[in-house]
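Subject: Structure handover

Hi,

Here is the structure I promised to pass on. Please open it first, then read my notes below.

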Amino acid sequence: MNEFLQTLKTQRWDDHRYYHHSRINQSLHLVSALSFLVSYALLFVNPAWSALLAWCVSMTTRQAGHFFFEPRGYDHVNQATDAYKEEIKIGYNIRRKIVLMSVWVALPAVLWLTPSLGGLIEPAVGFNGFIEDVGMAWFCLGVTGLVFRVVQLWVTQNLMQGLAWGFKIVTDPFHDVLLYWKSPFFLLRGQLIDPMEHVGHQQAH
């Protein structure tokens, strides 16, 4: 258990210090986290609508922060190039995210063209039925994406890294609220980039 918690702590720390310098990105992660928490509650009521909220609001705000606002140049705080950070990223780096988001965008079109998915599911009846099918497809995509990366980390590194990352992803919404709730206030004061003084202090020790 101690090894698992230490691995989880390291993954969380590296994720924050390497990939969340932009206050806009941090603020969007806060919006995403709050939306994910609502989605988690909705999961027990209607998984399809939970997935619709998670993908259309939570994931889009989260990934927009990374794609459009996070600096991609040399990281002076961590003394690391963007290429290095992308290479060592434990989860989905930009290249993997593009693949995942492309599948997300393509799924509604696939369901529209083949409502039964070749006989795998009962074809949707009406527009509401189609939307629910899209939601369930996105729900399956989310689970598949999570499990796939856990197994991939198990094979390429070790099982502990995979399990810790899977747990990290599921609990990130709770952690992000605690970590980034102040970010909008810094942003309103005109601070676009987190100086990450705590990172320098940690590295000095």
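Helices here are DSSP runs of H or I, at least four residues long, numbered from the N terminus. With that convention, Met196 lies in the loop between α8 and α9. Please keep in mind throughout that this is a predicted model.

**Two positive phi values**

Met196 has a phi near 55°, positive although the residue is not a glycine. Gln79 is another such case, with a positive phi of about 50° and no glycine at that position. Gln79 sits in the loop between α3 and α4 (82–88). Are these two residues buried or exposed? Met196 has a relative accessibility of 2%, so it counts as buried. Gln79 has a relative accessible area of 65%, so it is exposed.

**The loop between α8 and α9**

Ile193 is also found in the loop between α8 (183–188) and α9 (197–204). Ile193 is partly exposed, at 41% relative accessible area. Which residue lies 4.7 Å from Ile193, C-alpha to C-alpha, yet 171 residues away in sequence? That is Ser22. Leaving out residues up to four places away in sequence, Ile193 touches His21, Ser22, Arg23 and Pro71.

Asp194 belongs to this loop too. Its side chain meets that of Arg23 in a salt bridge, 3.5 Å from N to O. Arg23 is in helix α2, so the pair ties together parts that are 171 residues apart in sequence. Asp194 is buried, at 7% relative accessible area. Arg23 counts as buried as well, at 6%.

Side chains of opposite charge can pair when their charged atoms come close. Lys89 and Asp15 meet in one of them, at 3.4 Å from N to O. Lys89 lies in the loop between α4 and α5, and Asp15 in helix α1 (residues 2–19), so this bridge ties together parts that are 74 residues apart in sequence. Lys89 is buried, with a relative accessible area of 10%. Asp15 counts as buried at 16% relative accessibility. Both residues belong to a network of salt bridges that also links Arg12, Lys168 and Asp172.

The side chains of Asp75 and Lys85 form a salt bridge at 3.3 Å, N to O. Asp75 is in the loop between α3 and α4, and Lys85 is in helix α4, 10 residues apart. Asp75 and Lys85 are buried.

**His29**

His29 lies in helix α2 (residues 23–43). His29 counts as buried, because its relative accessibility is 1% and the cut-off for buried is under 20%. What does His29 touch, not counting residues up to four places away in sequence? The list is His20, Arg62, His66, Asp176 and Tyr180.

**The nonpolar core**

The largest nonpolar core has 21 residues. Trp55, Met59, Leu100, Trp104, Val134, Trp138 and Trp165 touch the most other members. Helices α3 (47–69), α5 (94–113) and α6 (126–156) each supply at least two residues of this core. α6 gives the most, with eight residues.

Take Trp138 as a place to look. Neighbours within four places in sequence aside, Trp138 is in contact with Ala51, Leu52, Trp55, Cys56, Trp104, Leu107 and Pro108.

**The nonpolar surface patch**

Which residues make the nonpolar surface patch of about 630 Å²? They are Val143, Val147, Val151, Trp154, Val155, Leu159 and Leu163. α6 and α7 (159–180) each supply at least two residues of the patch. The largest share, five residues, comes from α6. Leu159 lies in helix α7. Leu159 is partly exposed, with 35% relative accessible area.

**Annotated spans**

An unreviewed UniProt entry places the feature "transmembrane region" at residues 37–57, 98–115 and 135–155. How do two of these spans look in the model? Residues 98–115 are 89% helix and 0% strand, with end C-alpha atoms 25 Å apart. Residues 135–155 are 100% helix and 0% strand, and their end C-alpha atoms lie 30 Å apart.

Over to you.

Methods. Residues numbered from 1 in each chain as written. Predicted model: local features only at pLDDT ≥ 70, side-chain atom pairs only at ≥ 80, totals over all residues. Heavy atoms only, no water. UniProt positions renumbered as here; feature names shortened; annotations may be inferred. Core = buried A, V, L, I, M, F, W, Y, C linked by side-chain atoms within 4.5 Å. Buried < 20%, exposed > 50% of the residue type's maximum accessible area, 1.4 Å probe, protein only. Contact = heavy atoms within 4.5 Å. Patch = residues over 30% accessible without salt bridge, like charges linked within 9 Å, V, L, I, M, F, W, Y side chains within 5 Å. Areas by Shrake-Rupley, 256 points an atom, 1.4 Å probe, with all protein chains shown as cover. Salt bridge = Lys/Arg side-chain N within 4 Å of Asp/Glu carboxyl O.
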